[in-house]
Amino acid sequence: LLKKELEKWDELFCDEQLLEFAKNKKDAKIAVYMPTHRDSSKAAKPPLDFETLNAALQKINTYLIVKFHPFVLQLYKQDGYRNYTNIFFHTPQGDIYPLLRYCDVLISDYSSVYFDFMLLNKPIIFFDYDKEEYEKNIGGFVYDYEEFTPGVKVKMQSELVKMLQNDKLF
C-alpha cells in the first residue's frame, strides 16, 4: 500500500483492467466502496440505486469501484446486475489493495479497511445506513463507533453523492 513503486507480483490478484484504469485516470475522481459482509441477504445489499448513482457520478466526473463480498455480488447478479459507465465491480475473489493508492476517497462502513486507508491520508466516507441494526446483530462494537471512525458519516445515497461532489472533502 505504501510502496513507492509496485512490482508485478504486488498486483497479482488485482483486477488488471481496473488497476490500469485507476493508474491512468486523468481529471476524474475515483472512489472505492468496500462494505463489510453482513450475515443476512436482506442486510447485505446496501440501499443503492445503481442507475441513479451512475447518472450522478457522470455529472460530477467520478468513478466508483465496488468491492463486494462474493455472496453479495451474486445477489446483485440475480437481480439483473448490469454494467455501468461510472461504476465498476472488482472481482470479489481478487485483491483490491493495489488499487487503493490510486483512489481519491474510500467509502466503507464497519470494515477495518479504513485503518489501512488512513495511511494514505485521503478522505473516508462512512456509509452506515444500517448502523443500529448492524450493531444489534453483532452484539455491539468493540470501540465507540462515533469516536473511532474518522470522516464523514452518511446514511442515504443522496448524502453520499453530496459528499462526493464536495470539493472541500478532497
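Modeller: Let's start with charge: Lys and Arg count as positive and Asp and Glu as negative, while His and the chain ends are left out. Each charge is placed at NZ of Lys, CZ of Arg, CG of Asp or CD of Glu. This is a predicted model, in which local features need pLDDT of at least 70 and side-chain atom pairs pLDDT 80 or more, whereas totals for chains, interfaces and linings use all residues. Residues are numbered from 1 along each chain as its sequence is written, and side-chain values use heavy atoms, without hydrogens and water.

Biologist: What is the mean pLDDT of the protein chain?

Modeller: pLDDT is the predictor's confidence in each residue, from 0 to 100. Here the chain averages 88, and 89% of its residues reach 70 or more. Strand E1 (residues 29-33) has the highest confidence, at 97, and helix H2 (residues 41-44) the lowest, at a mean of 60. Helices (H or I, at least four residues) and strands (E, at least two) are DSSP runs numbered from the N terminus. Where pLDDT is low, the predicted coordinates should not be read in detail.

Biologist: Which residues form the negative surface patch?

Modeller: Patch residues have over 30% relative accessible area and no salt bridge; like charges are joined within 9 Å, nonpolar side chains (Val, Leu, Ile, Met, Phe, Trp, Tyr) within 5 Å. Areas come from the Shrake-Rupley method with a 1.4 Å probe, and for residues only the protein chains shown count as cover. The negative patch consists of Glu132, Asp144, Glu146 and Glu147. Glu146 sits in helix H8. A nonpolar patch of about 380 Å² is made by Val142, Tyr143 and Phe148.

Biologist: Is Val142 buried or exposed?

Modeller: Buried means under 20% relative accessible area, exposed over 50%, and partly exposed in between (1.4 Å probe, protein chains only). Val142 counts as exposed because its relative accessibility is 76%. Val142 belongs to the loop between helix H7 (131-138) and helix H8 (145-148).

Biologist: How many salt bridges does a search of the whole structure find?

Modeller: A salt bridge puts a side-chain nitrogen of Lys or Arg within 4 Å of a carboxyl oxygen of Asp or Glu. The search finds nine. One of them joins Lys3 and Asp10 at 2.9 Å, N to O; Asp10 is buried, at 16% relative accessibility.

Biologist: Which residue forms a salt bridge with Lys23, the closest N and O atoms being 3.0 Å apart?

Modeller: That partner is Glu11. The pair links distant parts of the chain, with Lys23 in helix H1 (residues 16-23) and Glu11 in the segment before H1, 12 residues apart. Lys23 also meets Glu20 in a salt bridge of 3.7 Å, N to O. Shared partners join Lys8, Glu11, Glu20 and Lys23 into one network.
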